[in-house]
Amino acid sequence: MNALAFISLTSPIMLLGAALVALPIAAHLLNRKARQRVVFPSVALLSSVSASQSSFFKLRRWLLLLLRCAAVVLVVLAFVRPVWLNPASSTAATGTTSGDTAAVVVVLDVSASTRQILGDGQTAADRLRAQAVRELGQLRPGTDYANVVFADANPAAVFDVLTRNVAALRLAVEAATPSDHRADLAGAMSLASQLLADHDQPDAARHLLVLTDGQRTNWDELGDAQLPRDVQLIVQTVGNDNTAAANTALGSPESRPGRPGVGVPTELSVEVAHFSDTPTRVRIDLLIDDQEVDSQWVRLTANQRKRVSFTRRFESAGQHRIKYRIESDDALALDNTAAQVVDCVRRRPVIVVGDANPDQPGTAGYYVTRALAPHNGDRDRFLVTHLASTSVRGDALAGTSLVIVGDVDRLDRVAEATLTRYVEDGGACLLLAGNRPARSDALLPWQLIAQGSGGKAVDGEWEAAELTGFSVEAQDTLARTALGRVWRVSNLLPEARVLLRNDRGEPVLAGRPVGDGRVVAAAFSPSGDTGDLGKYGVFVVLMQSLAERLTTRADTRRPDFPGRPIQIAAADAVDPRGPAHRIETPDGQTAAGVVFGLDSGTASAVATVPVSDRAGFYTWRQGPATLGQAAVNIDPRESDLRELPSEALASTLEQKGVATASVNGIGDGGEALRFGGAGLWGWMLMGALGLLCVEMGLLGGWRR
Amino acid sequence: MPAAAAPSRYLNPAELAPLRHLVFASRRAVVGHYAGKHASPQRGHSVEFQDYRDYTPGDPLGEIDWKVYGRSDKLFIKLFEHQSDMTVNLLVDASASMGYRGLRSMGVGGLDKDKRKRRRRLFPSPQAPKPPTSKYDHACAMAAAVAFLVTQQQDKVGFGVAQRGLQHAVRPAGTYPHLHRLTGLMESVRPRGPAQLAAAIHAAARQAKRKGLLLIFSDLEEDPDAVLAALNRYMHRGHEVIVFHTLHADELTLPDLSEAIFVDSESGREVRVDVEDVRAEYDAKMKAQLDRWRRLLTARGVDYNLVSTATPYHEALRGYLFSRASLM
C-alpha cells in the first residue's frame, strides 16, 4: 500500500473502463452456453478421447479467461495514465510530496548571449528551451500551476497569473526565440516572485526555476532582486563544461568629431574585444553606406580589448551608415558587427551666448562671428548662431559643437546649470572675460580678481591640442599684439592647464576638463571696450584654432541597446503632406507603437521607438525617402560569454537572502522538477500486448 | 432392363453404365438350381471334363467312355463339371447412425447461410443442389448397383435390412421387377434405432438355403464379438461374406469445429469436445479401430472393404470389382 501511495492516476475517470472486463467474462460464459450441438453417428471414440483431457481443458479455459481479463485491465489502466512518483526524487529534489499542489514559475533566459553556439553545435537558447519544455512536462496536469517569464531587457510573463494550462505554456516556450537584449534577470526574478506571491493557493509549494546561460556579467550585476523566502529557487545553467566559448566582439563605435564636417578628417573607431585564452588575428572591415571602404588586421592577445580607428573624410552632408564587421567563426555571431550613424554637417554649429547685440561692431559677439564665419555663407566652416543668456535653457545647446560665452550681463543659475550640464555631457565651451564676465565657478579654471592692463601673450603651450593650429608666424604676431584689458586671476585649479601667459607670467588662457567635456577660459575679450584684439587677424587665427580643436569632441551620446527606447531625429525636412511615416527595423519589419513628435530644443522632428528589439539600423522612412537613421548595438557585456561557476552563483544567491537554492547544469541532474514522476502507461500497454501474445502462443501450442 | 422402369433414387443407369462389362462372381463354389456361369460342387453335363470313375452297376450306359474301354478293356464313367447360378444376399444396416448426412445437413460449420446465398448468386448452378448423402443412401446405392449387376448376369439377389435384427427380408430372385422391388424397399426404409447386426446375420443365415454370397453394408457400430460370432456361423455353412464398412467422411476426419457437443445418434449420449484438441488422438483411435476390424474380418476370410461417403458409390464399387477380379 505504501507503494500505491506514490502512484498518481492522471485520468481516474477512465477507470470506468474497467467494466470492459465483463466482455471476456461474457464471452467465456456465452462460449460455454452457445456451444454447437452435433448429432454424430457414434461418440464412443470421442468420449474416450475427451475424457483424458477434460480437466486440462477446464484449466485452460480459466487460464485464457484470466489472460484476457488481465489484458483488458492493463489496457484500461494505460488509458488512466498512471504515474509513478518516485518517493526519493519527488521529496528530495523539490520538497514536494505526491499529494501537494505545486506552483512553478520558469524564468527563461532569452538574452542575446543565449544565441551562442555550444560545443555540440546546439545554441544555448535551444538547450534552454528544450529544458524548459521538459521541466513543464514534469508538472502534473490538472494539479500543478505554472507560468513562464521570458528574461530579456523587459521581462514579461506568458500569463498574468499562474495557470494549469501547461500545454499553452509549452507552446509559448517552443515558439520563443532569443532576443538581442541584455537579460534583466533581477527584473525577471522579481516578476516571477510576484507571480508566485499572488498565487491564490496558499498551500501550494512554490518553485522558481531559472534557466539561464549563467553569464557572469548577468549574475554579477544581479541588482536588488527581491526573492521571497518561501520560494525554492532552482537555477539551471546550460553547463557548457565551465569553459567559455571563444568570442570576438565589436562594440562601442565612436566618431570624432561627433558631427564631422564635409571633407573634415573624421576618426571612426570601434572597440574590438577578444574573450578567449588564446591570441587571435582578425580583420575588421569598415563599411560606409553599405560600401566596404577600408579594412584592418588586428592582432589580439588573450582577453584583450583594443580600439581600432579609421580616418575617413565624408564627401557629403547627411547621415551615413557606418558598419564595422569581422569574419570570425566564434561562438556568438551577433556581435561580429557594430553599427553607427554619423551625422555629417556642412558647417559645424557654434552658439555664441551674449547679451550684447552681435550685429553691432565692437561687441564680442560681433568679432567672434566675424572670426568664425567671415563669409557668412556656405564657404564658412562654422555656423554661428547667437543666443541671449536668458535663452540658455533646456535643450537649447543640444546638437551644437561649441558654445562661446561672450559679453553677458548676468549668467543666471539656470543658464549656468544648463551650460554646465552641456559641458559635462561632452560639450565644449569657450569663456571670454570682458567687462562683464561670466563668473561660473563650476566652469572657470580660476577665479577672476580684477581687470587691468593685460600686456601681450608671449608664452604659450603651443603643443597643447587647443593651440596646434598656431604657426610660428602666428605665435610671433600674437606675442606682439596687445591683449587690451585682462583679468588677473587666482586659485588656478590643479586640473587646469595654462595655455597662454602674458609678459608678466600671468595666465590669460587656460583649459580644464569638466565631466566629459572641456572648458577653455580666456582672461581677455575681443570686445572693443577692452581693447583692439578683435580687430587683429591673429584673433581670427586664435578663434579658428580653438574652435577647430574644441569641436572635435567625440559623439558621446548614450549608446542605444536593444530593449531600450530609441529616438531618431529627422535629418531631412518632413513633408507633412507626404506619404505615411514608418520606422523600418533591422530585419525589414515595421516597428510598432512609434511616437512621432517635435524636439523642443532643436525644433526638429523626432520619432521615438518604444522598444528596439533588434541590433542594427532603424530607418525612418516616409515613402521612398529616408528621413533619419539610428544605430542599435547589443550591450557589450553580452559578448562576454564566460559562465559564473555554480559555487559563485550559489554564493551570490545566498547573499540575496535566498534560503533554499540549488544550482546545477542542465546535463547534471536531469529534470529539476520531478512532480510528474514516470509514466507507467507504456508499460501497461506492453504488458497487455505481452499477455495477448502469451494467449496466442498458448492457443497455437495447444492446437499443435 | 425394361424400358418403362420407374426411376429409382438408388439406381442410376448413367452411373452404372461403366459397370456393365464387369462380372460379380463368387470366389467360392456356389450351389444353384439352374445351370449358370458360376462354378458348382455338383457334377453336370457341361463341356468341361472333370474326372473319371469306375463304372458301378446302375450307372447310365451312355456315360461310359467307350474309347477308354476299347483301349483298356475297363469301364469308366466320364465326369464333367457342373456350372450353376449364384445367389447373392444383400444386408444393409439401417440403424440411426447410418442416417448421418454430415454437418452441412445440420447447418453446422462450413459456409454460413449468407455466404452460400452470395456464392449461389455469383456462381449460379443450373441444377438444384443435391441433398447430402447419408451413409444409408451410400450403402443402398452400392447395394442396388450390385443387385443390378447380379440380375444382369442372370443370378439371384436377395435383400434384407438390419434394423433391430433382420427386417424386410426378400427372397432371392433374378428378375428386373425383383430388382425394382428391392430398390423400392430400400427407399421406403428410414434409418432409426439400433441395427443389431449379429441378430440380422443369424436370421439371414437361417433363410439362406444354398451356398452363396452375403454382402453386408454397415458402419459396424456393433459389438465386434457378436458380429464375428454370427459371421463365423454363416461362413461355416459355406457362404462367402463381403463387408463394406461404410463410414461418413466426418467420421474418418473430424469436421472443422471449435467446440461442440456431440450427441450419439443412437444412444443420445453427449460429449463436449474441442475438435481441434482431440483431432489427432481421434484420428489415431479411428485408425486403430479400422485396422482391428480389417484384421478380425480378413482373418476369418471375410472380404473387408472400407467405403467413405466422400467417394461416389460407383467409383468405390468399380474399384472393388477390379481388385476382386485381379484376385480371382
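Me: Let's start with a single residue. In which loop does A:Thr481 lie?
Reply: This is a predicted model, so keep that in mind throughout. A:Thr481 lies in the loop of chain A between helix 11 and strand 22 (485–490).

Me: Is A:Thr481 buried, exposed or partly exposed?
Reply: The idea is to count the neighbouring C-beta atoms: a residue is buried if 20 or more others lie within 10 Å of its own, and exposed if 12 or fewer do. A:Thr481 has 19 other C-beta atoms within 10 Å, so A:Thr481 is partly exposed.

Me: With which residues is A:Thr481 in contact, leaving aside its neighbours within four places in sequence?
Reply: Those are A:Lys456, A:Leu533, A:Tyr536 and A:Val538. Take A:Leu533: A:Thr481 and A:Leu533 are 52 residues apart in sequence, yet their C-alpha atoms are 7.3 Å apart in space.

Me: For chain A as a whole, what share of contacts between residues at least 6 apart in sequence join residues at least 24 apart?
Reply: In chain A that share is 77%. As for burial, 41% of the 704 residues of chain A count as buried. The secondary structure of the chain comes to 15 helices and 33 strands.

Me: On to helix packing. At what angle do helix 11 and helix 12 of chain A pack?
Reply: You read a packing from the angle and the distance between the two axes. Helix 11 (residues 472–479) and helix 12 (residues 537–550) of chain A pack at about 125°, and their axes are 9 Å apart. That angle makes helix 11 of chain A oblique to helix 12 of chain A. The crossing of helix 11 of chain A past helix 12 of chain A is left-handed.

Me: Which residues make the contact between them?
Reply: Helix 11 of chain A brings A:Ala474, A:Thr477 and A:Leu478, while helix 12 of chain A brings A:Val538, A:Val541 and A:Leu542. Sorted by class, the contact of these two helices of chain A has five nonpolar residues, one polar and no charged ones.

Me: Why is helix 9 of chain A described as largely enclosed by the rest of the structure?
Reply: Here you count buried residues along the element. In helix 9 (residues 364–372) of chain A, eight of the nine residues are buried, so the rest of the structure largely encloses it. Among the buried ones are A:Tyr366, A:Tyr367 and A:Val368. Their cover includes strand 16 (348–353), strand 17 (382–387), strand 18 (402–405), strand 19 (428–432) and helix 12, again of chain A.

Me: How many residues of strand 25 of chain A are buried?
Reply: For a strand, look at both faces. Six of the six residues of strand 25 (residues 517–522) of chain A are buried, so this strand too is largely enclosed by the rest of the structure. A:Gly517, A:Val519 and A:Ala521 point one way, A:Arg518, A:Val520 and A:Ala522 the other, and all are buried.

Me: Which way do strand 19 and strand 25 of chain A run, parallel or antiparallel?
Reply: Follow the bridges. Strand 19 and strand 25 of chain A run parallel and are joined by five bridges; A:Ala428 has A:Arg518 as its bridge partner in strand 25 of chain A. Strand 24 (residues 507–514) of chain A pairs with strand 25 of chain A in the antiparallel sense, over six bridges. There, A:Leu509 has A:Ala522 as its bridge partner. In the hairpin of strands 24 and 25 of chain A, two residues sit between the strands, and A:Gly515 takes a positive phi near 60°.

Me: And for an open sheet, what is the order of the four strands in chain A?
Reply: The order is 12-11-14-15 in chain A, with antiparallel pairing. Strand 12 (291–300) and strand 15 (337–344) of chain A are the edge strands, each pairing on one side only. On average, neighbouring strands of this sheet are turned by 20° against each other, direction ignored. Strand 11 (residues 280–288) and strand 12 of chain A share nine bridges, and A:Arg283 stands opposite A:Trp297 in strand 12 of chain A.

Me: Last one: how many residues does each chain give to the contact between chain A and chain B?
Reply: Count each side separately: 19 residues come from chain A and 29 residues from chain B. On the side of chain A that touches chain B, helix 2 of chain A gives the most, with six residues. The residues on that side of chain A divide into ten nonpolar, six polar and three charged. Strand pairing crosses between the chains as well: strand 2 of chain A runs parallel to strand 8 (residues 259–264) of chain B, joined by five bridges. A:Gln36 stands opposite B:Ala260 in strand 8 of chain B.

Methods: Residues numbered from 1 in each chain as written. Chains lettered and ligands numbered in written order. Predicted model: local features only at pLDDT ≥ 70, side-chain atom pairs only at ≥ 80, totals over all residues. Pairing = 2+ DSSP bridges. Axes fitted to C-alpha atoms, helices over the stretch in contact; angles between N-to-C directions. Contact = placed C-beta atoms within 7 Å. Nonpolar A, V, L, I, M, F, W, Y, C, P; charged D, E, K, R; others polar. Parallel < 35°, antiparallel > 145°, perpendicular 65-115°, else oblique. Left-handed = near helix turned anticlockwise from the far one by under 90°.
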